[in-house]
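Please keep the sequence and the 3D view at hand while reading.

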Amino acid sequence: MRIENNYSVKPHNTFGINQITKLFIEYCSADELKELIKSKKLEQPFFHIGAGSNLLFVDDYEGTLLHSAICYIHPIKETQDEVWVSVGAGTCWDDFVAHCVEKEWYGAENLSLIPGEVGSAAVQNIGAYGVEVKDFLVSLKAINLLTGEEREFSNAECQYDYRYSCFKQPEMKIWAVVEVTFKLSKQPTFNLTYKGLLNELGEQPCTLKRLRKAVIDLRDSKLPDYKVLGNAGSFFTNPVVDAEKLNELLQQYPDMPHFAFKEGKTKLSGGWLIQMCGWKGRNVGDAAVYEKQALVLINKGVATGREVYDLSERIIDDVQQQFGVKLYREVNVIGKNGLQ
Ligand code: EPU
């Protein structure tokens with residue numbers, strides 16, 4: 001177990017924001033975490049992070065940041081057609097995807113190169129190019145950080161939705177995911193519903209390795225590398241509107257991109273709305289809107305979390321004013337008392 005006092009979070013967030021946490025605790029196994037809880041050394045407030053690829057620190061944090069270093073990939077069951085794999089929550093997400101591709105297990109490849117760790121991928125229901133984690137997640141194990149109780153949650157119990165699980169509810173923040181079990185196919189099955197993916201693949205027949213490479217090339221062409229330009233991927237979720245609002249908008253903007261969602265609702269493109277407000281490529285100091293993808297905010301150098309946050313507020317206000325649509329942050333904003 002690693003314990004640090006008054007510790008900089010800079011290596012733990014992909015925005016590259018330099019704030020201090022009062023305490024940082026990293027544990028290496030579920031047993032170590034249970035010991036910590038039993039010893040009563042884990043005091044509230046606490047906040048559990050993954051690789052910090054979906055976080056914005058706007059202040060020093062006056063609590064304990066917890067991080068899992070539980071890293072393993074264990075196949076636990078296999079049939080002729082499928083394999084069940086249990087993965088430690090601290091495992092790098094893309095290491096897991098690369099492992100699946102190497103073993104010729106199908107299902108995770110569209111989620112190649114997404115920054116982050118397996119535990120937070122399950123909490124956030126990460127998604128890209130027509131696939132979401134919920135599509136091949138069987139269950140997860142989590143530990144109650146107040147009592148030390150370990151519990152299994154089935155896929156249905158996680159209540160998955162677009163970038164949502166029950167673990168996003170404030171009262172569920174007491175659960176730390178320690179292991180996630182996925183089911184992958186051993187038979188070739190590809191999801192090529194995202195148009196750009198077919199273009200990227202070209203004429204060649206699809207294979208797992210080619211699809212992974214196409215996803216990586218597509219991401220590289222649209223999304224900034226956080227090691228070069230601090231960012232947390234999409235800063236906002238794509239807004240969802242009802243039929244009435246959609247019709248109103250389409251009358252004024254017939255070319256507006258929109259995608260069928262569920263229950264008669266429609267997903268709009270947040271990037272397009274932001275671009276139409278003139279924000280694409282613009283900056284306020286070192287906080288900026290990425291020039292190739294307006295849904296992504298970047299730190300061009302020494303932006304503070306507060307500056308990035310203020311920029312996001314201006315964008316939300318402008319989109320609300322021009323389109324009457326509310327943008328919600330996908331990124332978790334952490335202030336001095338935790339999640340805001
Ligand atoms: N668009 C614009 N201007 C922009 C950006 C997008 O007009 O600056 C329009 C274009 O019409 C484009 C459409 O929006 O065709 C969709 O854009 P894109 O395919 O880049 O996807 P997105 O909706 O902006 C979502 C996810 C991404 C994921 C991609 C691909 C969310 C919040 N974001 O972005 O996920 O990689 O689809 O599946 O749903 C992330 O969550 O961090 C993330 C990067």
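Which side chain does E150 meet in a salt bridge?

## Basis of the model

This is a predicted model: local features need pLDDT of at least 70 and side-chain atom pairs count only at pLDDT 80 or more, while totals for chains, interfaces and linings use all residues. Residues are numbered from 1 along each chain as its sequence is written, and side-chain values use heavy atoms, with hydrogens and water left out.

The partner of E150 is K34, with 2.8 Å from N to O. A salt bridge here is a side-chain nitrogen of Lys or Arg within 4 Å of a carboxyl oxygen of Asp or Glu. E150 belongs to strand β11 (residues 150-154) and K34 to helix α1 (residues 30-38), so this pair links distant parts of the chain, 116 residues apart. Helices (H or I, at least four residues) and strands (E, at least two) are DSSP runs, numbered from the N terminus.

E150 has a relative accessible area of 34% and is partly exposed. K34 is also partly exposed, at 27% relative accessibility. Partly exposed lies between buried, under 20% relative accessible area, and exposed, over 50% (1.4 Å probe, protein chains only).

## Other salt bridges

The structure holds 16 salt bridges. One of them joins E157 and R151, whose closest N and O atoms are 3.5 Å apart. E157 is partly exposed at 36%, and R151 is partly exposed at 31% relative accessibility.

In another salt bridge, the closest N and O atoms of E313 and R329 are 2.5 Å apart. E313 lies in helix α8 (residues 305-323) and R329 in the loop between α8 and β20 (332-335), so the pair ties together parts that are 16 residues apart in sequence. E313 has a relative accessible area of 32%, which counts as partly exposed; R329 is partly exposed at 25%.

## A sheet of three strands

Strand β20 also takes part in an open sheet of three strands, ordered β4-β20-β21, with mixed pairing. At the edges stand β4 (55-57) and β21 (338-339); each has a single partner strand, so one side of each is left without a neighbour in the sheet.

Two strands pair if DSSP finds at least two bridges between them. Between β4 and β20 there are three bridges, in the parallel sense. The bridge partner of F57 in β20 is I334.
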